[in-house]
Amino acid sequence: MDHYSILGVSPTASTSEIRAAWLDQVKRYHPDTGNDSNRILLINAAWEVLGDPEQRHSYDCGRQGNNLSGKYQHNVRDVRASRASRKVSMHSAQADDDLAQWLQAVYIPVDRLIGDVLNPFQTQLRALSADPYDDDLMQDFCHYLDNSRQRLEKIKVLYQSLAVPYSATEFGLSLYHCFSQVEDALTELERYTMGYVDGYLHDGREMLRNARQRRQLLQQERRRLEIR
């Protein structure tokens, strides 16, 4: 199954068509609806490649040889291969120490920064909705977007500062997709501020909604990881 098949689009589909298909698939297969969590990882991995022009070009070039490209698909494949070839005890002292260190040094501060982006959004949007063409209101909204971008840069540094423990591989991938959704949402919202195109605002809000749901699932999963 390739990325186009996963999203149910033609290889000639436009970026907007791919985005629409991705949003539809996210709604349909979100873990909250009882679906397999691996499916949503594949859906988001396909969007990461096909939604980026450079990555999509590289993927299309290698598609004839069935060479899947992109570090996110490679990560998912590695997770499955690792499961088949290795049996790692979740209860070993070293595994527990590694997990505790990663949660404290990476997940907790990343989660806090994601919250700092998600939590003020509705308030910021309501303020702007009073008059989107008011320069002061728009300036305040843009200031929120700028601050959010700065938080995302900190998130990326934190995420790369320590390897995800084997026992939390899927959790780490899901965390990555969570802040990637936030990043994509900010891109759409920034496009909205440049031309007041409602489609960008709608997509940005939808992506932030999905990121908020994923964050809540991660918080629940963190508790399960810690009590194993």
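**Salt bridges and a helix pair**

Good morning. By the rule applied here, the count comes to 14 salt bridges. Please keep in mind that this is a predicted model.

Side chains of opposite charge can pair when their charged atoms come close.

Consider Arg-149 in helix α8. The side chain of Arg-149 meets that of Glu-183 in a salt bridge, at 3.8 Å from N to O. Glu-183 belongs to helix α9, residues 169–195, so this pair ties together parts that lie 34 residues apart in sequence. Arg-149 also forms a salt bridge with Glu-190, at 3.0 Å from N to O. Since Glu-190 lies in α9 as well, that pair ties together parts 41 residues apart in sequence. How exposed is Arg-149? With a relative accessibility of 22%, Arg-149 counts as partly exposed. These residues belong to a network of salt bridges that links Arg-149, Glu-153, Lys-156, Glu-183 and Glu-190.

Another salt bridge joins Glu-221 and Arg-224, whose closest N and O atoms are 2.8 Å apart. Both residues sit in helix α10, residues 198–227, 3 residues apart, or about one helical turn.

I now turn to helix packing. Helix α7, residues 121–129, packs against helix α8, residues 135–160, at an angle of about 160°, with the axes 9 Å apart. Angles over 145 degrees count as roughly antiparallel, and α7 and α8 are therefore roughly antiparallel to each other. The crossing of α7 past α8 is left-handed. Among the residues making the contact are Phe-121 and Leu-125 of α7, and Phe-141 and Tyr-144 of α8. By class, this contact has 8 nonpolar residues, 1 polar and 1 charged. Thank you.

Terms used
Residues numbered from 1 in each chain as written. Predicted model: local features only at pLDDT ≥ 70, side-chain atom pairs only at ≥ 80, totals over all residues. Heavy atoms only, no water. Axes fitted to C-alpha atoms, helices over the stretch in contact; angles between N-to-C directions. Helix = DSSP H or I, 4+ residues; strand = E, 2+ residues; numbered from the N terminus. Parallel < 35°, antiparallel > 145°, perpendicular 65-115°, else oblique. Left-handed = near helix turned anticlockwise from the far one by under 90°. Contact = heavy atoms within 4.5 Å. Nonpolar A, V, L, I, M, F, W, Y, C, P; charged D, E, K, R; others polar. Salt bridge = Lys/Arg side-chain N within 4 Å of Asp/Glu carboxyl O. Buried < 20%, exposed > 50% of the residue type's maximum accessible area, 1.4 Å probe, protein only.
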